[in-house]
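Q: I am new to this structure. Please take me through one part of it closely.

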Amino acid sequence: MWGMDSASSASQAPHRAGFACFVGRPNAGKSTLTNALVGTKVAITSNRPQTTRHTVRGIVHRPDAQLVLVDTPGLHKPRTLLGERLNDVVRTTWAEVDVIGFCLPADQKIGPGDRFIAGELAGIKKTPKIAIVTKTDLVDSKTLAEQLIAIQQLGEELGIQWAEIVPVSAVGDKQVALLADLIAPMLPESPPLYPEGDLTDEPEQVMVAELIREAALEGVRDELPHSIAVVVEEMLPREDRPADKPLLDIHANVYIERPSQKGIIIGPKGARLKEVGMKSRKHIEALLGTPVYLDLHVKVAKDWQRDPKQLRKLGF
Ligand SMILES: Nc1nc2c(ncn2[C@@H]2O[C@H](COP(=O)(O)OP(=O)(O)OP(=O)(O)O)[C@@H](O)[C@H]2O)c(=O)[nH]1
Ligand SMILES: [Mg+2]
């Protein structure tokens, strides 16, 4: 079958492959869960809501199935054109997947944001939906039990038949493998969709830009996280290097929305930007497996979250 294993016989369960997307409000733990399932960081995460800005596909390879996990931006009430674009992306994804995983954090009561998403999901009849309770390491068993009941009730109220309700902890590695076991049989029979070993279909430049943005998000306060965008302008192997000592030159721009934000991101005497560079360089080197020289520049793209032209330039 599909040239994978000549020893596999017709009596074995057929191979399955397909798409599952994680939805939920910002900060619910979707990207962390995606990374835990893939076993590698394919999506950046932060304690800031609205970290993910585009769908990221993470690929889980198993002998019986290939799960393509589609991590989506948190769905929220949009305040900017960027917010609207992100919500559109999420809705388009729902229509294209075989399974929907609705992520609800264990440590927060179901709120209007969750209800809104559940209401939308109720309208998608034919796709199986798994309710995933995330961050179970943060609560005691009583709180978890109450959350499971609340989710059951939410389903009944809105006429959603949950295919499963699964508590997981991506950070504590609890029941993450079980979640994959539950999703796999819901996928259609199919040969693998991606080559063995591919963990994501993100282009390298995008992964690199995201790692820089992740480092830049750390420790900035309030509105600034939403204002940051990163674009990798160039990635080129340094010329005249000995074959055993390669160096990759990466030039990237960190965009902010207003000149007044420049000082915050650069920090006193450039200290913050330097730290962002050092932190992200480590991750980038691990990702690409080569030493990197990272050249970061801070630029102002005025009010880019609201400006269609700027959004296009920044890849939205
Ligand atoms: N304790 C604990 N924290 C978690 C767990 N999963 C995620 N988190 C934390 O929750 C925060 C948000 O996680 P993300 O994975 O970025 O959340 P997200 O749903 O992708 O958020 P958006 O991309 O903004 O929609 C981060 O600080 C994570 O470290 C978990 O299982 N346990
Ligand atoms: Mg995310």
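How many residues of domain 1 are in contact with how many residues of domain 2?

A: 16 residues of domain 1 are in contact with 22 residues of domain 2, where contact means heavy atoms within 4.5 Å. This is a predicted model: local features need pLDDT of at least 70, side-chain atom pairs count only at pLDDT 80 or more, and totals for chains, interfaces and linings use all residues. Residues are numbered from 1 along each chain as its sequence is written, chains are lettered from A and ligands numbered from 1 in the order in which they are written, and side-chain values use heavy atoms, with hydrogens and water left out.

First, the two parts. Domain 1 spans 4-186 and domain 2 spans 204-313; these bounds come from an automatic or database domain assignment. Their centres, taken over C-alpha atoms, are 29 Å apart.

Next, the area. Between them, domain 1 and domain 2 bury about 1600 Å². That is the accessible area (1.4 Å probe) that two parts lose on being put together, summed over both. Carbon and sulfur atoms give 54% of the buried area. On the domain 1 side, Ile-44, Arg-48 and Arg-53 supply 37% of the area buried against domain 2, more than any other three residues.

Now the charges. The rule finds 1 salt bridge across the interface; a salt bridge is a side-chain nitrogen of Lys or Arg within 4 Å of a carboxyl oxygen of Asp or Glu. Lys-41 and Glu-214 also meet through their side chains in a salt bridge, at 2.9 Å from N to O.
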